[in-house]
Amino acid sequence: MSVLTPANRPSRVVELPSVPGLTALYGKAVLPSPHDIAGAVSSKLPFGKSAVPTVEASTLRLPDVTYLVRGVKGEPSHIVDYQRLLGEPVSDVLPAGYVHVLGFPVAMALMVSAEFPLPVMGMVHLRNSVSVARTIRTGEQLNILAWAQNMTGHAKGTSVELVVEAYADEEVVWRGVSTYLAKGKYLVGRGDESGQIDRAEFSAPLPTGRWQLGGSIGRQYAAVSGDRNPIHMSALTAKAFGFPRAIAHGMYTAARALSEAGRMRPDAYEWTVEFAKPVLLPGKVDVSIRGDAGVGGTGAVTYAGWNGKSGKVHFTGKITPLG
Amino acid sequence: MAVSPEKAPTTAQSSTVQSPTLKDAVIVGGNRIPFAKAGTKYADASNQEMFTAALEGLVARFGLQGETIGEVVGGSVLKHSRDFNLIRECVLGSSLSPATPAFDLQQACATGLEAFITVSNKIRLGQIDSAIAGGTDTVSDAPIAVSDGLRKALLKASHAKSLGQRVKAFASIRPADFSPATPRTDEPRTGLSMGEHQAITSAKWGISREAQDEIALNSHVNLAAKYDEGFFNDLVTPFKGLAADQNMRADSTAEKLGSLKTVFGNSLSAPATMTAGNSTPLSDGASTVLVSTREWAAQRNLPVLARFVDAQTAAVDFVHGHEGLLMAPAHAVPVLLKRNGLTLDDIDFFEIHEAFASTVLTTLAAWEDEEYCRTELGLDGALGTVDRARLNVAGSSLAAGHPFAATGARIIATAAKLVSQKAAETGKPARALISVCAAGGLGATAIIESAH
């Protein structure tokens, strides 16, 4: 029995013939979306599009559909590249972060579809939660489901959850919930920042490590994840989106923390991360990755990354045993 | 399948071969070259040249020309790939008999001590009757490797069976692959330098800047005093114009040390305490120690300074911050003492390698902490207090410098002479505890005692 039970999802399933290519999806994402118009309607920001006719309220809903791709598995050499970059053991254990890489394009396809009400470009990854039911092996064929849920008002825009479930046969072996924020788009009113790291509250613990991230780490993770979002690729392309330099993929930092937890990870676990200030590249990140093992311990691993000079937090997260 | 004793296969002999009784492994003496600051006096000297110089000094001191030594064992931490047989090459370049076997060994900063433990054990078992242990390191002549990308492309090209494959291999090289890979002192699994790791341990134990500077000052004062009294005359041979350890500052003062800027732990929430003055400098140098059976030494009319008693290594889980990187000796020593029925009070000389002044202090603090000793070391209570008057009385790495693999034999030779002198003065046996911490959360410790 899996420690995970299937989550509620839209019952209408659209099966895609294969995992879509991310490059093509990004091409779609940078085109102006018709929903920018919808965004202008409910946004309090002056988008200068008030003359546009009102769009039907129904388009402000999330697509009532689940995308499905059957028989997904990674290329062996690609998995090894991922394992080496993240510091995972080169073995037949498929890293939990790699399953995110496999499922991300399916979620992305949903986000760039005409039915999706928020603009994908410039979306901010707020947090991520992955549940792993058991060790997944590299040769396993996975059926990937993806859908969107919980469109919520946020202080800075609208947040939405993209859920990906990976099935091996009839069993949910992996589920990821990625929460994104469409900044400046107030589709369902203003909310608060609940669930976000209280940045003022963060006080750096004694570090257990320090990451020296080179200028190319964004391109390197792009190569193993397929996520070639321009904000990660170079200073020049990042500047176009308002960042002073390229920024590290949030999921790179979370997956590296997961990798460095090493033997402290149980077979079934929940792996969460909250993202705060982006990591500018090249850059140094002080990290603390500590387990609560031993007598009376929960077996959980708590981790955080911050800027050693400014003390500002980049991310915090937890790895908690399941089942 | 287990074999019952009755059905055990019989050999030519009806009983098993008897193990020999253990012999004493004794320290005859040592020789090293003065330790230099990196990039200065020995800037163009290689590990092979430095170790050969230290070895030749030892050969000259004890008249070992043409001798076939049982084994020469040593190593270096920063090593060129061409130096795969570094110690054997040094033997072949020395005036020892070319029939002298040798091998390289490496355990980061514990290399020299581990080499001594290894040869002492062989001698005790009767496998060899004489040995030289030591180590050498140079930061100045450190290997610089090509990047992984370039290396993999070159290897692929050399394994290629066709021109096309070769061209493909070379085509995979990127401009960034041409930047060289220099050796780093960062811990591979944490990315923190050893100094940063120790700064975290210092913060945990609340070690003060003043206490660290005092350790550093004592190191300089004690080393300089021993040079003045001629203690090192038969332990050190000048090399490349250097007659004494270059880093030693006889005129160092608490004020001077107190004026230095902190270099480690500057981004921690706790105040930074570690400076260039209370941390060991990067250094170049080589050292050796001659070990043998009592008979081997007697046959050659050689002195016997001390005998090897026992040794213990340990390792700690530092990767996720459970224990400090350099705290392994704190774990090894209680085991070593207990096995030999000794307590801290039975030790006349504590030779605790000064990787950093605070390494010494966190080790001492740990042994005094009742809760730590119970929960981490599994003891009934605190291990005890080290009498500071017995600590690093001839100076240690803060003053002498610390060419990684060369430190072990420096300490062994120094400690052997200290216990020998003390025993001669008091007519009673004298003992020294040697403790060396190392990268990777490793530590090696040993006890030696006067030989009479």
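How many bridges join strand 2 of chain A to strand 4 of chain A, and in which relative direction do the two strands run? The legends below refer to a predicted model.

**View 1. Strands 2 and 4 of chain A.** Strand 2 (residues 66-72) and strand 4 (residues 142-154) of chain A are joined by four bridges and run antiparallel. Within this pairing, A:Val72 has A:Leu142 of strand 4 as its bridge partner.

**View 2. The open sheet of chain A.** The sheet of chain A is built from eleven strands, ordered 1-2-4-5-6-3-8-11-10-9-7, with mixed pairing. Strand 1 (13-15) and strand 7 (209-213) of chain A each have a single partner strand, so both stand at the edges with one side lacking a neighbour in the sheet. From one strand to the next, the twist averages 20°.

**View 3. Helix 4 of chain A on the sheet.** Helix 4 (residues 96-111) of chain A packs on the sheet. The strands of chain A that helix 4 touches are strand 2, strand 3 (124-132), strand 4, strand 5 (157-168), strand 6 (171-183) and strand 8 (269-275). The direction of helix 4 makes about 65° with that of strand 4 of chain A.

View 4. B:Gln246 lies in the loop between helix 7 (209-228) and helix 8 (254-258) of chain B. With 21 other C-beta atoms within 10 Å, B:Gln246 counts as buried, because the cut-off for a buried residue is 20 or more. Apart from neighbours within four places in sequence, its contacts are B:Pro34, B:Phe35, B:Ala36, B:Lys37, B:Thr40, B:Lys41 and B:Gly401.

**View 5. B:Gln246 and B:Thr118.** These residues, B:Gln246 and B:Thr118, are separated by 128 residues in sequence and by 30 Å in space, C-alpha to C-alpha.

How values were computed
Residues are numbered from 1 along each chain as its sequence is written. Chains are lettered from A and ligands numbered from 1 in the order in which they are written. This is a predicted model: local features need pLDDT of at least 70, side-chain atom pairs count only at pLDDT 80 or more; totals for chains, interfaces and linings use all residues. Two strands pair if DSSP finds at least two bridges between them. Axes are lines fitted to C-alpha atoms, for helices over the stretch in contact, and angles run from 0 to 180 degrees between N-to-C directions. Two residues are in contact if their C-beta atoms, placed from the backbone, lie within 7 Å. A residue is buried if 20 or more other C-beta atoms lie within 10 Å of its own, exposed if 12 or fewer, and partly exposed in between; C-beta atoms are placed from the backbone.
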